[in-house]
Amino acid sequence: MVEWTDSERAIITSIFSNLDYEEIGRKSLCRCLIVYPWTQRYFGGFGNLYNAETILCNPLIAAHGTKILHGLDRALKNMDDIKNTYAELSLLHSDKLHVDPDNIRLLADCLTVVIAAKMGPAFTVDTQVAWQKFLSVVVSALGRQYH
């Protein structure tokens with residue numbers, strides 16, 4: 001079980017309270033698909049993903065990016081039990097979707113870049129430490145079925 005300080009909890013809660021889920025979700029998933037094109041293989045049913053412009057304009061990608069961020073809400077609300085909170089999602093991603101857990105880490109990295117860009121100077125070292133810890137726990141929980 002991960003121990004969270006009051007400061008870490010406050011930082012993570014603050015980040016989420018200021019997120020525009022549609023904007024940040026879309027930008028994060030688009031960035032991942034553009035920067036790491038091999039991740040596109042999981043989105044074959046989402047239509048044309050042949051170049052950056054089509055990815056950026058794809059409403060299914062935008063909607064899924066928003067869905068991912070709302071999924072992170074579950075971790076926020078269950079910070080003391082993220083592993084069990086994501087047990088079903090971990091099974092889905094490993095057994096049915098066969099998502100390489102390294103690609104989940106890449107998406108988390110893209111999310112960090114997008115949030116840091118949005119927050120600007122407010123994305124301090126302390127903010128990044130808490131955010132990276134949070135995402136590390138989420139990524140680990142989602143990859144749990146692979147271990």
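Tutor: The model before us is predicted. Two packed helices are described by the angle between their axes and the distance between the axes. In this case, helix α1 (residues 6-17) packs with α8 at an angle of about 85°, and their axes are 9 Å apart.

Student: How are α1 and α8 oriented, roughly parallel or roughly perpendicular?

Tutor: The angle makes α1 roughly perpendicular to α8, since angles of 65 to 115 degrees are counted in that class. On the α1 side, the contact is made by Glu8, Ile11, Ile12, Ile15 and Phe16. The α8 side contributes Asp126, Thr127, Ala130, Trp131, Lys133 and Phe134. Sorted by class, the contact of α1 with α8 has seven nonpolar, one polar and three charged residues.

Student: At what angle do helix α4 and α8 pack, and how far apart are their axes?

Tutor: Helix α4 (residues 59-77) meets α8 at an angle of about 105°, with the axes 11 Å apart. The two helices, α4 and α8, are therefore roughly perpendicular to each other. Leu72, Ala75 and Leu76 of α4 make the contact with Phe134, Leu135 and Val138 of α8. By class, six residues in the contact of α4 with α8 are nonpolar, with no polar and no charged residues.

Student: Is the crossing of α7 and α8 left-handed or right-handed?

Tutor: α7 passes α8 in a right-handed crossing.

Student: Let us turn to pockets. Which residues line the second largest pocket, and what is its volume?

Tutor: Rolling a probe the size of a water molecule over the atoms shows where empty space is left. Here, the second largest pocket has a volume of about 190 Å³. Its lining consists of Met1, Val2, Met79, Asp80, Asp81, Ile82, Lys83, Val137, Ser140 and Ala141. The elements that give two or more residues to this lining are α5 (82-85) and α8 (125-142).

Student: Which element gives the largest share, and how does the lining divide by class?

Tutor: α8 provides the largest share of the lining, three residues. The lining of the second largest pocket divides into six nonpolar, one polar and three charged residues.

Methods
Residues are numbered from 1 along each chain as its sequence is written. This is a predicted model: local features need pLDDT of at least 70, side-chain atom pairs count only at pLDDT 80 or more; totals for chains, interfaces and linings use all residues. Side-chain values use heavy atoms; hydrogens and water are left out. On a 1 Å grid over the protein atoms alone, a cavity is a set of points where a 1.4 Å probe fits but cannot get out, and a pocket is an open set with protein on both sides within 12 Å along at least five of seven lines; lining residues have an atom within 4 Å of a point. Grid points are joined across faces, edges and corners, and a volume is the space filled by probe spheres set on the points. Helices (H or I, at least four residues) and strands (E, at least two) are DSSP runs, numbered from the N terminus. Ala, Val, Leu, Ile, Met, Phe, Trp, Tyr, Cys and Pro count as nonpolar, Asp, Glu, Lys and Arg as charged, and the others, Gly among them, as polar. A crossing is left-handed if the near helix is turned anticlockwise from the far one by less than a right angle, and right-handed if clockwise. Axes are lines fitted to C-alpha atoms, for helices over the stretch in contact, and angles run from 0 to 180 degrees between N-to-C directions. Angles under 35 degrees count as roughly parallel, over 145 as roughly antiparallel, 65 to 115 as roughly perpendicular and the rest as oblique. Contact means heavy atoms within 4.5 Å.
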